Amino acid sequence: MKTEREKMLAGELYNPADPELSRGRRRCRKIVHQLNNTMTGTSEWRSAIDELIPNANDACLEPPFHCDYGTNIKLGKHFYSNYNCVILDVAEVKIGDNVMFAPNVQLYTATHPVDIQRRINEGVEYGLPITIGDNVWLGGGVVVCPGVSIGEGAVIGAGSVVTKDIPANVVAVGNPCRVIRTIDNTGAQS
């Protein structure tokens, strides 16, 4: 029989009140508190990032930063997140190399059943993974919904709500987010 954590990571309905999951979120809150209450660039700040996110490489997380567990976030090299990033990582969040987040970016892997019985009475939820390719830039206030993949080299405009997959090397904007043009990566002025 699967643990609630195993169900969570498999995208199945799980009970978020499970003691193991509650301990994981409390651990995360302590580390996030340290991260958000130290000066950027200090050894304490770096230590908090490295403890929070396995293999954080050289990630730069501008405080405040918030997440559920941290352990389900996989970062590539040279990741930068500006102020007030929120990553609900009940499922895997995979972020490629050279990715930049403007302020107030939010990634939500967590979601809930729409029927009242399961959502309210049973209190179960589930998550779907998010994948962001290399060299992606998310503008200010972008929201990425559960189960979405964003292709390599994509640029998502400020305030967009990404509800469906976005292909590589495009500019996409809006709510819901949609592709408005392709990107010429030959070095020509855009």
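Against which elements do the buried residues of H3 pack?

1. Basis of the note. The model is predicted, so local features need pLDDT of at least 70 and side-chain atom pairs count only at pLDDT 80 or more, while totals for chains, interfaces and linings use all residues. Residues are numbered from 1 along each chain as its sequence is written, and side-chain values use heavy atoms, with hydrogens and water left out. Helices (H or I, at least four residues) and strands (E, at least two) are DSSP runs numbered from the N terminus.

2. The buried side of H3. Helix H3 spans residues 43-52, and its residues Trp45, Ala48, Ile49 and Leu52 are buried. Buried denotes under 20% relative accessible area, exposed over 50%, and partly exposed in between, with a 1.4 Å probe and protein chains only. These residues cover an arc of only 95° around the axis, which puts them on the same side of H3; the arc is that of the directions from the helix axis to the C-beta atoms. The opening question is answered as follows: the buried residues of H3 pack against helix H2 (19-36), strand E1 (60-61) and E2. Contact here means heavy atoms within 4.5 Å.

3. The H2-H3 pair. Two packed helices are described by the angle between their axes and the distance between the axes. For H2 and H3, the axes come within 8 Å and cross at roughly 155°. This makes H2 roughly antiparallel to H3. Axes are lines fitted to C-alpha atoms, for helices over the stretch in contact, and angles run from 0 to 180 degrees between N-to-C directions. Angles under 35 degrees count as roughly parallel, over 145 as roughly antiparallel, 65 to 115 as roughly perpendicular and the rest as oblique. The crossing of H2 and H3 is left-handed, a term used if the near helix is turned anticlockwise from the far one by less than a right angle (right-handed if clockwise). On the H2 side, the residues in contact are Arg27, Cys28, Ile31, Val32, Gln34 and Leu35; they meet Glu44, Trp45, Ser47, Ala48, Ile49, Glu51 and Leu52 in H3.

4. The five-stranded sheet. An open sheet of 5 strands has the order E2-E5-E8-E13-E16, with parallel pairing. Two strands pair if DSSP finds at least two bridges between them. E2 and strand E16 (161-162) stand at the edges with a single partner strand each, so one side of each is left without a neighbour in the sheet. Strand E2 (residues 65-67) runs parallel to strand E5 (residues 85-88), joined by 3 bridges; histidine 66 has valine 86 in E5 as its bridge partner. E5 in turn pairs with strand E8 (residues 106-108) in the parallel sense, over 3 bridges.

5. The four-stranded sheet. A further open sheet is formed by 4 strands in the order E3-E6-E11-E14, with parallel pairing. Its edges are strand E3 (73-75) and strand E14 (149-150), each with a single partner strand, so one side of each is left without a neighbour in the sheet. E3 pairs with strand E6 (residues 93-95) in the parallel sense over 3 bridges, and isoleucine 73 stands opposite valine 93 in E6.

6. Strands E15, E17 and E18. Strand E15 (residues 155-156) and strand E17 (residues 170-173) run parallel, joined by 2 bridges, with valine 155 opposite valine 171 in E17. E17 and strand E18 (residues 178-182) run antiparallel, with 4 bridges between them. E17 and E18 form a hairpin with 4 residues between them, and glycine 174 in the turn has a positive phi of about 105°. In E18, valine 179 is the bridge partner of alanine 172, and arginine 181 that of valine 171.

7. Valine 179. This residue of strand E18 is partly exposed, with a relative accessible area of 41%. Not counting residues up to four places away in sequence, valine 179 touches Pro167, Val170, Val171 and Ala172. Its C-alpha atom is separated by 9.6 Å from that of alanine 154, 25 residues apart along the chain.

8. Leucine 13. The loop between helix H1 (4-9) and H2 holds leucine 13, which counts as partly exposed at 30% relative accessibility. Not counting residues up to four places away in sequence, leucine 13 touches Lys7, Pro113, Arg118, Val124, Glu125 and Tyr126. Leucine 13 and arginine 29 are 16 residues apart in sequence and 23 Å apart in space, C-alpha to C-alpha.
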